[in-house]
Amino acid sequence: MNTVVERELELRLVLSPERSIAVPARLVYAAADPFAVSVTFHLGSQNPVHWTFARELLVEGVFRPCGHGDVRIWPSKVGGRNVLLMALSSPDGDALLQAPSVAVSAWLERTLALVPPGTEHERLEMDAGLARLLEPAPADDLWRGDPWSEEAPGPDGE
């Protein structure tokens with residue numbers, strides 16, 4: 001079952017402490033990829049910007065600063081409103097985005113109800129996938145025999 005939880009919302013791209021612009025975005029969580037969340041930013045161009053990172057990072061970021069490197073998330077207040085700040089860094093540039101905490105938290109609760117924390121690995125079916133990878137193939141019989149055994153014919157056919 002590949003269930004997806006999506007949420008459209010408006011983020012704010014922070015340009016300076018006094019100025020920000022609206023950025024339509026979509027949060028996506030797919031049970032088939034249970035450890036990850038995706039955010040797609042629609043910047044008015046033909047190519048939206050996609051970011052994928054750990055769901056756990058977003059969950060923790062609702063409560064306290066977390067992350068390092070490319071994705072950092074922390075809670076804050078702006079104009080008396082609870083917001084979630086996301087600092088994203090890539091070779092193409094850096095962005096500081098502000099999201100409404102209530103909307104992100106409600107969406108996260110839906111993802112956590114779908115796949116509770118600690119059960120993500122059950123969705124991956126790693127054991128079954130590994131078994132399929134390690135399953136012998138007909139051609140494997142060619143490699144199983146010992147070419148130097150006494151049963152094998154010698155170079156002169158004996």
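Alanine 99 lies in strand E7; helices (H or I, at least four residues) and strands (E, at least two) are DSSP runs, numbered from the N terminus. The structure is a predicted model, in which local features need pLDDT of at least 70, side-chain atom pairs count only at pLDDT 80 or more, and totals for chains, interfaces and linings use all residues. Residues are numbered from 1 along each chain as its sequence is written, and side-chain values use heavy atoms, with hydrogens and water left out.

Alanine 99 counts as buried because its relative accessibility is 1%; buried means under 20% relative accessible area, exposed over 50%, and partly exposed in between (1.4 Å probe, protein chains only). Leaving aside neighbours within four places in sequence, alanine 99 is in contact with Leu11, Val83, Leu84, Met86 and Val104, where contact means heavy atoms within 4.5 Å. The C-alpha atoms of alanine 99 and proline 75 are separated by 9.5 Å, and the two residues are 24 apart along the chain.

Strand E7 also holds alanine 95. With a relative accessible area of 23%, alanine 95 is partly exposed. Not counting residues up to four places away in sequence, alanine 95 touches Leu13, Met86, Ala87 and Leu88. Leucine 13 is 82 residues from alanine 95 in sequence, yet their C-alpha atoms are 7.0 Å apart in space.

Two further residues belong to helices. Threonine 111 is part of helix H2 (residues 101-114), and arginine 55 is part of helix H1 (residues 55-61). Not counting residues up to four places away in sequence, threonine 111 touches Val5, Tyr29 and Arg55. A polar atom of the threonine 111 side chain lies 2.7 Å from the backbone oxygen of leucine 108. With the same exclusion of residues up to four places away in sequence, the contacts of arginine 55 include Tyr29, Pro34, Leu108 and Thr111.

The table gives the accessibility of the residues discussed.

| Residue | Relative accessibility | Class |
|---|---|---|
| Alanine 99 | 1% | buried |
| Alanine 95 | 23% | partly exposed |
| Threonine 111 | 0% | buried |
| Arginine 55 | 2% | buried |

The largest nonpolar core has 30 residues, and Leu11, Phe41, Phe53, Leu58, Ile73, Val104 and Trp107 touch the most other members. Such a core is a set of buried Ala, Val, Leu, Ile, Met, Phe, Trp, Tyr and Cys residues joined through side-chain atoms within 4.5 Å. Helix H2 gives the most to this core, with five residues. Among the contacts of tryptophan 107, not counting residues up to four places away in sequence, are Val5, Leu27, Val37 and Leu58.

The largest pocket is lined by 14 residues, of which Phe41, Leu43, Val49, Trp51 and Ala95 lie nearest its centre. On a 1 Å grid over the protein atoms alone, a pocket is an open set of points where a 1.4 Å probe fits, with protein on both sides within 12 Å along at least five of seven lines; lining residues have an atom within 4 Å of a point. Strand E7 supplies the largest share of the lining, four residues.

For the chain as a whole, the secondary structure comes to five helices and seven strands. Buried residues make up 27% of the 158 residues in the chain.

Conventions
Polar contact = N/O pair within 3.5 Å; in protein donor to acceptor, adjacent residues only side chain to side chain.
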